[in-house]
Amino acid sequence: MNHSSKIYISGHEGFLGQAIVRKLKDQGYQNLIYSPKAELDLTHQQAVLDWFIKHKPDYVFHAAATVRGITSEEQGTIILNNLLIQTNVIQAAHLNKTKKFLFLGSSCMYPKISDQPIKPQQILSGFLEPTSEYYAIAKIAGLKLCEALKRQFNFNYCALIPCNIYGPGDNYDDLRSHVMAAMIKKFINAINKQIPYVELWGDGSPRREFLYIDDAASASISAMLSKHTVLNVKSSPEITIMELANLLKKITGFSGEIRWNNSKPNGTFSKSLDDSDLRKTGWLPHFSIEEGIKRSVIDYTQRLDVYAKNSHHRN
């Protein structure tokens, strides 16, 4: 991949897609192509095929996905949309002889109970976490489609599996946000409305790793440039949700009480990823979790009206 290569970023309007576009531009890549969702519906097979025939991208960063939160009741939409989107984009890339395809996965693809740290070989080695099962199944299917096309047709791909991504531009919708965004919103809301406590789900014992959005974007480019097939990526050391809550309390300046709602799910207890292969390529994260949270809190606080509007109109 060179600076004049024609590079397509699916989902360029989304959280990770926008960051990949920014990072590619920062690194001097000039021939970026994408199409707004209103003009190209990735769930429509023929439309996607026609678009690829017309534009013929050399490289594809596949960041488009339908994402929901831990208690979403939209499992049918989640699995159907993701199966359609990734199948259509992967098939079109294969048929139009794309030079290399980057598939963006998720750590929820790994079994609920895994050996730590988790290696890519553990995919399909056990049962999935029920709260993210449908999204995980779709993502596993996309990865296996890439793998099968490589075996039969020498389809050139790499899959990048990140831990929890967060940062400016995240989804703060109450029903669709992930843990970091949901907690930032709760702490800021409690401060602004002078609520004396913040209620968080579970008991605070699960452990998680986090990846700042800019680091996720740079890791995506490093993965595309690597010779590996499946790579994990993380930045922060694993911390408990309780430790994260205390860190958010400190950074936001919230002075009230943290309450834990044990009737809500904890999710998988631990998902520590083995990212040694990616680090061997020379990639390193640039943002500590403290710095990433500070930047995220400032962004959310300064753009409250924008995030509220986006959450209200999101579909």
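Student: How do you know at what angle the axes of helix 5 and helix 9 cross?

Tutor: In this predicted model, where local features need pLDDT of at least 70 and side-chain atom pairs count only at pLDDT 80 or more, totals for chains, interfaces and linings use all residues. Residues are numbered from 1 along each chain as its sequence is written, and side-chain values use heavy atoms, without hydrogens and water. The axes of helix 5 (residues 179-192) and helix 9 (residues 289-302) come within 11 Å and cross at roughly 55°, an axis being a line fitted to C-alpha atoms over the stretch in contact, with angles from 0 to 180 degrees between N-to-C directions.

Student: Why are helix 5 and helix 9 called oblique to each other?

Tutor: Angles under 35 degrees count as roughly parallel, over 145 as roughly antiparallel, 65 to 115 as roughly perpendicular and the rest as oblique; the crossing is at roughly 55°, and helix 5 and helix 9 are therefore oblique.

Student: Which residues of helix 5 meet helix 9?

Tutor: With contact meaning heavy atoms within 4.5 Å, M180, I184, K185 and I188 in helix 5 meet I289, I293, S296, V297, Y300 and T301 in helix 9.

Student: What makes Q86 count as buried or exposed?

Tutor: Buried means under 20% relative accessible area, exposed over 50%, and partly exposed in between, with a 1.4 Å probe and protein chains only; Q86 has 1% relative accessibility and therefore counts as buried. Q86 lies in helix 3 (residues 75-95) and, leaving aside residues up to four places away in sequence, touches H62, F103, A138, K139, A141 and G142.

Note on methods: Helices (H or I, at least four residues) and strands (E, at least two) are DSSP runs, numbered from the N terminus.
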